[in-house]
Amino acid sequence: MSELHKFLFDGLPVRGAIVRLTDAWQEILRRRASNSEHGAYPAEVQALLGEITAAAALMQANIKFDGALVLQIFGDGPLKLVVSEMQPDFSFRSTATVVGEVAAGLSLSGMVNRTSQGRCAITLDPKAKFPGQQPYQGVVPLFDDAGQPLERISEVLEHYMLQSEQLDTTLVLAADGNVAAGLLIQRLPMAGAGNLAGSMVSRDNEDQIGLNEHYNRIAILARSLKAEELLQLDVDTVLHRLFWEEPLTRFEPLIGPSAPRFACSCSRERVAKMIVSLGREEAQSILSEREDIEVGCEFCGVQYRFDAVDAAQLFTDAAQLLQGNAGPH
Ligand SMILES: [Zn+2]
């Protein structure tokens, strides 16, 4: 079963989290594999999607924010989009859009940064928005400060956290066909908790970047964790192997009903709105060529179908709604 654990290093300005997604991750892969249009992900795409999903869980666990955290890669290679959306209750959905051939062993650059146009976006979408409020979004290229391409999504996210949030962060991520897992170690900011959402970073904090000996020691231990260990060992064994000399305070883990789990927020109503936004003419032109307007959800694989009668009803309802709204408020 999937699980997420948070912990603090006693007396030190360092915190951590570890996540193992098993049933929820397998559910995403199963739905994809049963989709007759796409079929299963190539192994390299599966690994990247699993890593980004584990990272989204770890980052959501470490911010005080009531809304969805969305990690996206906009690729310029055979992989056009990779996205994971993690809700504050750790229900999540993830998908990838493959538009070309992904050869075995293809690097991250080869998949998503072929012409150096690949981008990684981190979005915080608050649950309750005031009118006109836009989600907070940070976008970074897939290069380090020296202009070298980053070949691990963990490096991209570490770089982002350092540059945009002034947070020393260590991420170890791994995924296969059964497990998507990750370990995050972060130096606690001196001031301005919840930097990702708001950002009040003191000068003191910036001066501490890379210099805290406790964080550096723990980060080195964390980096010694191998992908196979992260995928195969249980959480207690991983934490004991890495940090047996460091006193930890563990928090109540998210397991059982509160564990990270797959859930899709798509609905027939949302698809209907999308069809209305296409316009009556476009809808009719689709229906002149086929029996139904068919829209498949990229995340969960559900197919929504609207025939000519459904579509006519949609546009009648929409017109009535517009007329209703035109009067004085
Ligand atoms: Zn869906």
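How many residues of domain 1 are in contact with how many residues of domain 2? In this predicted model, five residues of domain 1 meet four residues of domain 2. On the domain 1 side, the touching residues comprise no nonpolar, three polar and two charged ones. The domain assignment places domain 1 at 3-262 and domain 2 at 268-326, and their C-alpha centres are 36 Å apart.

Now let us turn to the nonpolar cores, summarised here.

| Core | Residues in the core | Some members |
|---|---|---|
| Largest nonpolar core | 69 residues | V19, L48 and A54, among others |
| Second, separate core | eight residues | A272, A283, Y304 and F306, among others |

In the largest nonpolar core, the residues touching the most other members are V19, L48, A54, A55, A56, A57 and L58. Helix 2 (residues 43-61) supplies the largest share of this core, with twelve residues. Take A55 as an example: leaving aside residues up to four places away in sequence, A55 touches L71, I153, L157, L171, L173 and G182.

A259 is another residue to look at while you have the structure open. You will find A259 in the loop between strand 10 (248-250) and strand 11 (261-262). Is A259 buried, partly exposed or exposed? A259 counts as partly exposed because 19 C-beta neighbours lie inside 10 Å, while a buried residue needs 20 or more. Setting aside residues up to four places away in sequence, A259 touches M1, S2, E3, L4 and L254. A259 and V19 are 240 residues apart in sequence, with a C-alpha to C-alpha distance of 9.7 Å.

Methods: Residues are numbered from 1 along each chain as its sequence is written. This is a predicted model: local features need pLDDT of at least 70, side-chain atom pairs count only at pLDDT 80 or more; totals for chains, interfaces and linings use all residues. Helices (H or I, at least four residues) and strands (E, at least two) are DSSP runs, numbered from the N terminus. A residue is buried if 20 or more other C-beta atoms lie within 10 Å of its own, exposed if 12 or fewer, and partly exposed in between; C-beta atoms are placed from the backbone. Two residues are in contact if their C-beta atoms, placed from the backbone, lie within 7 Å. Domain bounds come from an automatic or database domain assignment. Ala, Val, Leu, Ile, Met, Phe, Trp, Tyr, Cys and Pro count as nonpolar, Asp, Glu, Lys and Arg as charged, and the others, Gly among them, as polar. A nonpolar core is a set of buried Ala, Val, Leu, Ile, Met, Phe, Trp, Tyr and Cys residues joined through C-beta atoms within 7 Å.
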